[in-house]
Amino acid sequence: MYRLTALVTLLSLAFYFFTCINVSRSRTRTGVKVPAISGHPDFERAFRIQMNTLEWMPIFLPSLWLFAIYISDPIAAAIGAIWIIGRIAYFTGYSQAAAKRGPGFAIQGVAAIALWVGALGAVMMRLV
């Protein structure tokens, strides 16, 4: 059973859902009408946060699960939690100003790469 990895997966999806709701609230607050994706800097930052999170999900989720299966559920979950913390930091920084998104991006990027490299290494070791 991969209970911890399942929990982190659900938390990452909850965070993504939160970013979607944030875009909707930002549309209302800034007056950017559907289907526009530009028009007000606050809305554009909210939209980019949501889209960037979506862009990272296909890297993060398979790597998280492959790491859990081939290496360790608790370690995968811990690194996955760091990814979520990085996404929260990215959200917080980018919501204030585009220039403040770097630290959160770095945290989540390192976590995702660690999961991917670990999973790749474990799979490769089993091929030999």
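Trainee: Which residues does Phe67 touch, not counting residues up to four places away in sequence?
Mentor: Phe67 touches Ser72, Ile75, Ala76, Ile79, Ala114, Leu115, Gly118 and Ala119. Contact means heavy atoms within 4.5 Å. Please keep in mind that this is a predicted model, in which local features need pLDDT of at least 70 and side-chain atom pairs count only at pLDDT 80 or more, while totals for chains, interfaces and linings use all residues. Residues are numbered from 1 along each chain as its sequence is written, and side-chain values use heavy atoms, with hydrogens and water left out.

Trainee: What is the secondary structure of the protein?
Mentor: It comes to four helices and zero strands, in the pattern α-α-α-α along the sequence. Helices (H or I, at least four residues) and strands (E, at least two) are DSSP runs, numbered from the N terminus.

Trainee: How many residues has the largest nonpolar core?
Mentor: That core has 18 residues, and Val8, Phe60, Leu64, Phe67, Trp83 and Leu115 have the most contacts inside it. Each of α1, α2, α3 (73-96) and α4 (102-127) supplies at least two of its residues. A nonpolar core is a set of buried Ala, Val, Leu, Ile, Met, Phe, Trp, Tyr and Cys residues joined through side-chain atoms within 4.5 Å. Buried means under 20% relative accessible area, exposed over 50%, and partly exposed in between (1.4 Å probe, protein chains only).

Trainee: Which helix gives the most to this core?
Mentor: Helix α2 does, with seven residues.

Trainee: Changing topic, how many salt bridges does the structure hold?
Mentor: It holds two. A salt bridge is a side-chain nitrogen of Lys or Arg within 4 Å of a carboxyl oxygen of Asp or Glu. Arg45 pairs with Asp42, the closest N and O atoms being 2.5 Å apart. In the other bridge, Glu55 pairs with Arg48, with 3.3 Å between the closest N and O atoms.

Trainee: How are Arg45 and Asp42 placed in helix α2?
Mentor: They are three residues apart in helix α2 (residues 41-70), and are therefore separated by about one helical turn. Arg45 counts as buried, at 16% relative accessibility, whereas Asp42 is partly exposed, with a relative accessible area of 35%.

Trainee: Where is Thr19, and what does it touch?
Mentor: Thr19 is in helix α1 and counts as buried, at 1% relative accessibility. Not counting residues up to four places away in sequence, Thr19 touches Ile49, Gln50 and Thr53.

Trainee: Which residues does a cis peptide bond join?
Mentor: A cis peptide bond joins Val34 and Pro35, with omega about 10 degrees. Pro35 lies in the loop between α1 (3-30) and α2. Most peptide bonds are trans.

Trainee: Finally, what does the C-alpha trace span along its principal axes?
Mentor: It spans about 55 × 25 × 20 Å. Of the 128 residues of the protein, 41% count as buried. Among contacts between residues at least 6 apart in sequence, 69% join residues at least 24 apart.
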